[in-house]
Amino acid sequence: MEQPRNKEVVEPPKNLATGVLVLLTAKQGVTREQVMKFMPAEIRATMRLYLDGAIQQWYARGDGKGAVFILNCKDVTEAETIVAGLPLSSENLLDHQYIPIGPLAPLGALLGGPAARAA
Amino acid sequence: MKFMIPFLVAMVPLASVAQSQSGTAPGLPSVAIPKTTEVLVIQTPRQGVTFQQVMAVIPAEIRATVNLYLDGKIREWYSRGDGKGVVFLVDANTEDEARNIMETLPLAKEHLMDTEYIPVGPLMPLRALMGPGAQP
């Protein structure tokens, strides 16, 4: 984790990550039958991850195209390892997007400091 | 496991199924599609937008964001660990409702952000663990 930088920097600062948002969608060309074959195992493995505390939040997408998880891990590598153990992913049937997330850093400005004074 | 099949079919994420505006996928039974309980919003600065451009609006953005939270519109808020924006879970039942909320924010008004909206709801596949009597 990097130290907070002053406001002269041009690069956005890296932020603390307390979890990883994972977007899972079926790969293009994957058929319903291919997915169905592994779905019972996928459901059970997902529930086990939740019971192990690895899955903090789980959602189905409203468009029916997949699922969204928030995982309890500190970086994308750890999240990838967790998700790779799920049947649909180990069978290479899903596209994955990983976004590390953490505290909404700009709220720090409410405590005072340069950004707050600018407001 | 045979009893599970109707439920399993219902929740398969099918890339081939076109997304409709209403959020329902034709060809999937209605049990497949969760009720949208919130909308995931992923915001990243547009290509070419500088850190300084964003920072100029951030004081107003913070205050407007906290006001949305205090109004109950933002359920969860996160910074991206890669520094490329924010992730919100917005209290909305449709993408349009979420868009109307988010477009009140200063960074959006200045057209500085790309925004992705993903309606989400209960993880419907879990119904399969409920056994044969688990009709919706």
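Select A:Ile55 and look across to strand 3 of chain A: the bridge partner there is A:Leu71. Strands here, like helices, are DSSP runs numbered from the N terminus (E and at least two residues for strands, H or I and at least four residues for helices). This is a predicted model, so local features need pLDDT of at least 70 and side-chain atom pairs count only at pLDDT 80 or more, while totals for chains, interfaces and linings use all residues. Residues are numbered from 1 along each chain as its sequence is written, and chains are lettered from A and ligands numbered from 1 in the order in which they are written.

Now widen the selection to residues 55-61 of chain A, which is strand 2. Five bridges join strand 2 to strand 3 of chain A, and the two run antiparallel. Two strands count as paired if DSSP finds at least two bridges between them.

Eight of them close into a barrel, in the order 1(A)-3(A)-2(A)-4(B)-1(B)-3(B)-2(B)-4(A), with antiparallel pairing. From one strand to the next, the twist averages 35 degrees.

Axes are lines fitted to C-alpha atoms, for helices over the stretch in contact, and angles run from 0 to 180 degrees between N-to-C directions. Contact means that C-beta atoms, placed from the backbone, lie within 7 Å. Over in chain B, select residues 95-102: this is helix 3, packing on the sheet against strand 1 (38-45), strand 3 (86-90) and strand 4 (113-121) of chain B, again with about 140 degrees to the direction of strand 4 of chain B.

Back to helix 2 of chain A, residues 76-84. Which of its residues are buried? Pick A:Ala79, A:Ile82 and A:Val83. The cut-offs: buried takes 20 or more other C-beta atoms within 10 Å of a residue's own, exposed 12 or fewer, partly exposed in between, with C-beta atoms placed from the backbone.

Stay in chain A and click A:Val68, in strand 3. A:Val68 is buried because 21 other C-beta atoms lie within 10 Å. Leaving out residues up to four places away in sequence, A:Val68 touches A:Leu23, A:Tyr59 and A:Arg61, and also B:Leu40, B:Ile118 and B:Val120.

Then bring up the largest nonpolar core, with 55 residues; A:Val22, A:Leu71 and B:Val90 have the most contacts inside it. Such a core is a set of buried Ala, Val, Leu, Ile, Met, Phe, Trp, Tyr and Cys residues joined through C-beta atoms within 7 Å. Strand 1 of chain A gives the most to this core, six residues. Partners of A:Leu71 beyond four places in sequence include A:Val22, A:Ala79 and A:Ile82.

Last, color by pLDDT, the predictor's confidence in each residue, from 0 to 100. Chain B has a mean of 83, with 74% of its residues at 70 or more. Residues 1-29 of chain B stay under 50. For the complex, the predictor gives an ipTM of 0.83 and a pTM of 0.82.

Terms used: Contact = placed C-beta atoms within 7 Å.
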